[in-house]
Amino acid sequence: MLQEFDLPPGSTIIGRSLDCHVTLEDPLVSRRHARIVVDHARARIEDMGSRNGVRVNGALIAEPVELRNDDRIRIGTQDFMFCAVDPVGRAHSRTTGQLRLCANCRLPYPREVLACPNCEATEQTDEDTLTGSGRSAPNAWTLQLMIDSLERALKLGRTVDAERIVRRATTQVEEQLAAGGSLDNEAVSALSLQAVAMTLASDDPAWAVWAIDVHGRTQTMPPVAVIERLSEVPPRHRPLLRGALDEFMARRETPAEPSPRALPGLPESPSVQSDDISLSRLRQLRRELGDPH
């Protein structure tokens, strides 16, 4: 759902502080991040010296910028659409709306917009196609935003913020699994990659162990990129990784229903080939980690 904020004449401060007119609980948002000034039926936005900047229609701004109808504003991981509303018709405007997801960049945007404001793609993916379940779909784009936010925080070296985000993201995944909801495999892989990066940044092996475990519980194969990052985990944490990998392989090797590729005459699909490569690399990594005892 979308939330609408009125912009009264004068200044509207946006930031993380509770003193702001619009407060955003986002670790990539500064306490006083941006200001929108409305005067004489015009509005302009300016960066208030934030650490991560303000983007208007994808461009980072250095000076105050006048806003036009349908301009897209990005502050931290939050996206806003600026709308010039006729005061006469204001009473009939809606304060909520529906989001759809861009099939190209997978960011949410208002359903009524014809093209993605982020990448201008017109191919659209409704939320329920990300999870295969209408019940868990509303959380799909939220998880993707958290993964993007986590990646940025790690790149900026903001370990404390990154740890807060990874806790929220992994908690959401755990809640969906506990509720029996399905998860998008790509999202699981993206989050597991950032979880291993969290271990490398914080020296806390729990995140790398979680990354292995979540693939085991969702019956998905970690991509090679995740396995390569696991190989970078310091040697002192390797006994924990070896234990997690042993459990993953035990789940993987449990007899299951025959797969279509076992039938004569059926070629292996690219996804099956990719899984075979990952499985081979996992076995190699387990040998490299040695005996935990």
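Let's start with a pair of helices: helix 4 passes helix 5 in a left-handed crossing. Keep in mind that this is a predicted model. Helix 4 covers residues 185–202 and helix 5 covers residues 206–217, and their axes come within 7 Å and cross at roughly 160°. That angle makes helix 4 roughly antiparallel to helix 5, since angles over 145 degrees are counted that way.

Which residues make this contact? From helix 4 come Val-188, Ser-189, Leu-191, Ser-192, Ala-195, Val-196, Met-198, Thr-199 and Ser-202, while helix 5 brings Ala-206, Trp-207, Ala-208, Trp-210, Ala-211, Val-214 and His-215. By class, 11 of the residues in the contact of helix 4 with helix 5 are nonpolar, five are polar and none is charged.

Helix 5 has another neighbour to look at. Helix 3 (residues 159–178) packs with helix 5 at an angle of about 20°, with the two axes 12 Å apart. Helix 3 and helix 5 are therefore roughly parallel to each other, and their crossing is left-handed. Here Glu-163, Val-166, Arg-167, Thr-170, Val-173, Glu-174 and Leu-177 of helix 3 meet Trp-207, Trp-210, Val-214 and Arg-217 of helix 5. This contact has six nonpolar residues, one polar residue and four charged ones.

Glu-174 forms a salt bridge with Arg-217, and their closest N and O atoms are 2.6 Å apart. Because Glu-174 lies in helix 3 and Arg-217 in helix 5, the pair ties together parts that are 43 residues apart in sequence. Glu-174 is partly exposed, at 28% relative accessible area, and Arg-217 is partly exposed too, at 32%.

Asp-203 and Arg-236 meet through their side chains in a salt bridge of 2.9 Å, N to O. Asp-203 sits in the loop between helix 4 and helix 5, and Arg-236 in the loop between helix 6 (224–230) and helix 7 (238–252), so this pair links distant parts of the chain. Asp-203 counts as partly exposed at 33% relative accessibility, whereas Arg-236 counts as exposed at 57%. Elsewhere, salt bridges with shared partners join Glu-174, Asp-213, Arg-217, Glu-247 and Arg-251 into one network. Across the whole structure, a search finds 19 salt bridges.

Finally, visit Thr-12 in strand 1 (residues 10–15). Thr-12 is buried, with a relative accessible area of 4%.

Conventions:
Residues are numbered from 1 along each chain as its sequence is written. This is a predicted model: local features need pLDDT of at least 70, side-chain atom pairs count only at pLDDT 80 or more; totals for chains, interfaces and linings use all residues. Side-chain values use heavy atoms; hydrogens and water are left out. Axes are lines fitted to C-alpha atoms, for helices over the stretch in contact, and angles run from 0 to 180 degrees between N-to-C directions. Helices (H or I, at least four residues) and strands (E, at least two) are DSSP runs, numbered from the N terminus. Angles under 35 degrees count as roughly parallel, over 145 as roughly antiparallel, 65 to 115 as roughly perpendicular and the rest as oblique. A crossing is left-handed if the near helix is turned anticlockwise from the far one by less than a right angle, and right-handed if clockwise. Contact means heavy atoms within 4.5 Å. Ala, Val, Leu, Ile, Met, Phe, Trp, Tyr, Cys and Pro count as nonpolar, Asp, Glu, Lys and Arg as charged, and the others, Gly among them, as polar. Buried means under 20% relative accessible area, exposed over 50%, partly exposed in between (1.4 Å probe, protein chains only). A salt bridge is a side-chain nitrogen of Lys or Arg within 4 Å of a carboxyl oxygen of Asp or Glu.
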